[in-house]
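Subject: Structure for you to look at

Hello,

Please open it alongside the text and read the two together.

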Amino acid sequence: EMCIRDSAYTKAKSVGRRHGNKNDNVDFVERAEFRLLLCYIYDFFEMWIAFDEIDTSDDRRITPSEFKKAVPTVESWGVKVPNADAAFKEIDTNGGGYILFEEFCDWAFQKHLDVDHAANVE
């Protein structure tokens, strides 16, 4: 399983390459990528907090019933879920019957899920 650090590192390197970083050294981040790395570490921690809140069984995967129960929480984070079953299938890209952390992150970033929004409003 990919850890938060690795996910953030991979994302920072990917964005750095797309924005013209010519040095493709995979052993370390370049100066231009460092800020991205910090931002992505923060973002992935935020997604882990959200994922962990939904994963009530603490088995590092979200079941359909866990997701359905969490729809009001997900909506409080700014993502409307009119059909929980359809959303679950959309997120479960490998068709395994569970939502894995990486799948959740891909979906959450695409939908601009904002876990901090609730904290900022209060």
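Start with Asp58. Asp58 sits in the loop between H2 and H3. This is a predicted model, so please read every value below as computed. Asp58 has a phi near 55°, a positive value in a residue other than glycine. Most residues other than glycine have a negative phi. Asp58 counts as exposed because its relative accessible area is 57%, and exposed means over 50%.

Arg60 lies in the loop between H2 and H3 as well. Arg60 is not a glycine, yet its phi is positive, at about 65°. With 48% relative accessibility, Arg60 counts as partly exposed.

Now look at Asp55. It is placed in the loop between helix H2 (31-54) and helix H3 (64-76). Which side chain of opposite charge is nearest to Asp55? It is Arg60, 6.8 Å away. Asp55 is buried and has no salt bridge. Asp55 has polar partners instead. Its side chain makes a polar contact of 3.2 Å with the side chain of Ser57. A polar atom of the Asp55 side chain also lies 2.8 Å from the backbone nitrogen of Arg60. Leaving aside neighbours within four places in sequence, Asp55 is in contact with Arg60, Arg61, Ile62 and Glu66.

Arg61 has two partners to check. Arg61 forms a salt bridge with Asp59, with the closest N and O atoms 3.3 Å apart. Arg61 also lies over the face of Tyr98, at 3.9 Å from the ring centre. Arg61 is partly exposed, with a relative accessible area of 32%. Asp59 is partly exposed too, at 33% relative accessibility.

Next, the salt bridges. How many are there in the whole structure? The search finds 3. The Arg61 and Asp59 pair is one of them. Another joins Lys68 and Asp85, with the closest N and O atoms 3.0 Å apart. This pair links distant parts of the chain: Lys68 is in helix H3, Asp85 is in helix H4, and they are 17 residues apart. Lys68 is partly exposed at 43% relative accessible area, and Asp85 is partly exposed at 41%. Glu90 forms a salt bridge with Lys111, the closest N and O atoms being 3.7 Å apart. Glu90 lies in helix H4 and Lys111 in helix H5, so this pair ties together parts 21 residues apart in sequence. Glu90 has a relative accessible area of 38% and is partly exposed. Lys111 is partly exposed at 34%.

On to the aromatic rings. The count comes to 8 aromatic pairs. Phe67 and Phe88 form an edge-to-face pair, 6.2 Å centre to centre with 65° between the planes. Phe67 is in helix H3 and Phe88 in helix H4 (residues 84-91), 21 residues apart. Both Phe67 and Phe88 are buried. Phe67 also forms an edge-to-face pair with Trp107, at 6.3 Å centre to centre and 75° between the planes. Why does Phe67 count as buried? Its relative accessibility is 1%, and buried means under 20%. Trp107 is buried as well, at 5%. Ring pairs link Trp48, Phe51, Phe67, Phe88, Phe101, Phe104 and Trp107 into a cluster.

After H5 comes His112, whose phi is positive, near 60°.

At the other end, see Ala8. Ala8 is in helix H1 (residues 4-18) and is buried, with a relative accessible area of 0%. Ala8 and Tyr40 are 32 residues apart in sequence but 4.8 Å apart in space, C-alpha to C-alpha. Beyond four places in sequence, Ala8 is in contact with Leu37, Tyr40, Ile41 and Phe44.

Last, the overall view. The protein has 6 helices and 0 strands. Of its 122 residues, 36% count as buried. Among contacts with a separation of 6 or more, 51% are between residues 24 or more positions apart.

Best wishes

Terms used:
Residues numbered from 1 in each chain as written. Predicted model: local features only at pLDDT ≥ 70, side-chain atom pairs only at ≥ 80, totals over all residues. Heavy atoms only, no water. Helix = DSSP H or I, 4+ residues; strand = E, 2+ residues; numbered from the N terminus. Buried < 20%, exposed > 50% of the residue type's maximum accessible area, 1.4 Å probe, protein only. Lys, Arg positive; Asp, Glu negative; His and termini not counted. Salt bridge = Lys/Arg side-chain N within 4 Å of Asp/Glu carboxyl O. Polar contact = N/O pair within 3.5 Å; in protein donor to acceptor, adjacent residues only side chain to side chain. Contact = heavy atoms within 4.5 Å. Phe/Tyr/Trp six-rings, centres within 6.5 Å; stacked < 30°, edge-to-face > 60°. Lys NZ or Arg CZ within 6 Å of the ring centre and 35° of its normal.
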